[in-house]
Amino acid sequence: MNFEKHLKEELKDPEFKKLFEEEKRLLNLSYAIVEAREKSGMTQKELAQKSRVTQQQLSKIENGINCNMLTFIRVSSALGLGLTVSA
């Protein structure tokens with residue numbers, strides 16, 4: 001069984017699907033932050049300083065590792081990005 005077939009099968013499980021979608025949203029946010037940072041010409045170190053977070057925290061965000069909401073808000077604000085929460 002290839003990966004796509006396996007994933008399709010796993011997504012039939014509601015709990016797996018919920019967790020998969022949460023991870024997908026986190027990764028999409030991470031990609032958006034990396035893209036905005038690179039577009040602005042900032043290094044991780046520069047953005048971390050501007051955001052008042054450590055470079056390690058920023059690296060975790062950019063690699064899709066979960067962190068607290070305040071860190072996301074600081075980094076997003078430093079990049080001029082807004083965060084939207086919806087139900």
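A residue is called buried under 20% relative accessible area, exposed over 50%, and partly exposed in between (1.4 Å probe, protein chains only). This is a predicted model, in which local features need pLDDT of at least 70 and side-chain atom pairs count only at pLDDT 80 or more, while totals for chains, interfaces and linings use all residues. Residues are numbered from 1 along each chain as its sequence is written, and side-chain values use heavy atoms, with hydrogens and water left out.

Select Lys12 to begin: at 58% relative accessibility, Lys12 is exposed.

Next, select Glu62 and Arg37, whose side chains meet in a salt bridge (2.5 Å, N to O). This pair links distant parts of the chain, with Glu62 in helix H4 (residues 55-62) and Arg37 in helix H2, 25 residues apart. Helices are DSSP runs (H or I, at least four residues), numbered from the N terminus. Both Glu62 and Arg37 are buried.

Finally, move to Leu83, in the segment after H5. Leu83 is partly exposed, with a relative accessible area of 34%. Show Met69, Leu70, Ile73 and Val85 as well: with Leu83 they form a nonpolar patch on the surface, with about 470 Å² of accessible area together. Such a patch joins nonpolar side chains (Val, Leu, Ile, Met, Phe, Trp, Tyr) within 5 Å, from residues with over 30% relative accessible area and no salt bridge; the areas come from the Shrake-Rupley method with a 1.4 Å probe, and for residues only the protein chains shown count as cover.

Definitions and conventions
Patch = residues over 30% accessible without salt bridge, like charges linked within 9 Å, V, L, I, M, F, W, Y side chains within 5 Å. Salt bridge = Lys/Arg side-chain N within 4 Å of Asp/Glu carboxyl O. Helix = DSSP H or I, 4+ residues; strand = E, 2+ residues; numbered from the N terminus.
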